[in-house]
Amino acid sequence: MSENEKQIAKLALLGESIGLFGQAITTLAAYLALEEEKIEEDQLAKMQEQIDYVLKELIQIKK
């Protein structure tokens, strides 16, 4: 294998490594986005429960 071919192989390996690292970062970002969405959904559900409770109490007070 010539020196030129070795350098090309090293560059190819470096490129693949960078690509793999990029995919890992993309996967992590997607996971974090899903976790954030879940947290927001949970918060919205709790807020809706609180609103429903307050409305129920107001209806009871009006009676």
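## A tour along helix α1

Start by selecting Leu32, which is partly exposed at a relative accessible area of 49%. On this scale, buried means under 20% relative accessible area, exposed means over 50%, and partly exposed lies in between (1.4 Å probe, protein chains only). The model is predicted: local features need pLDDT of at least 70, side-chain atom pairs count only at pLDDT 80 or more, and totals for chains, interfaces and linings use all residues. Residues are numbered from 1 along each chain as its sequence is written, and side-chain values use heavy atoms, with hydrogens and water left out.

Leu32 sits in helix α1. Helices (H or I, at least four residues) and strands (E, at least two) are DSSP runs, numbered from the N terminus.

Now show the whole chain. The protein has one helix and zero strands. Its radius of gyration, taken over C-alpha atoms, is 27 Å, well over the 11 Å that the globule rule gives for 63 residues, so the protein is more spread out than a compact globule. That rule is 2.2 Å times the number of residues to the power 0.38. Along the principal axes, the C-alpha trace spans about 90 × 5 × 5 Å. Of the 63 residues, 0% count as buried.

From Leu32 to Gln50, 18 residues apart along the chain, the C-alpha atoms are separated by 27 Å.

Which residues form the negative patch? Select Glu36, Glu37, Glu40, Glu41 and Asp42. Patches are made of residues with over 30% relative accessible area and no salt bridge; like charges are joined within 9 Å, nonpolar side chains (Val, Leu, Ile, Met, Phe, Trp, Tyr) within 5 Å. A salt bridge is a side-chain nitrogen of Lys or Arg within 4 Å of a carboxyl oxygen of Asp or Glu. Pick Glu40, in helix α1 (residues 3–62). Its relative accessible area is 39%, so Glu40 is partly exposed.

Move on to the nonpolar patch. Select Ile51, Tyr53, Val54, Leu55, Leu58 and Ile61; together they have about 620 Å² of accessible area. Such areas come from the Shrake-Rupley method with a 1.4 Å probe; for residues, only the protein chains shown count as cover. Stop at Ile61, in helix α1. Ile61 counts as exposed, at 67% relative accessibility.

How values were computed. Lys, Arg positive; Asp, Glu negative; His and termini not counted. Charge placed at Lys NZ, Arg CZ, Asp CG, Glu CD.
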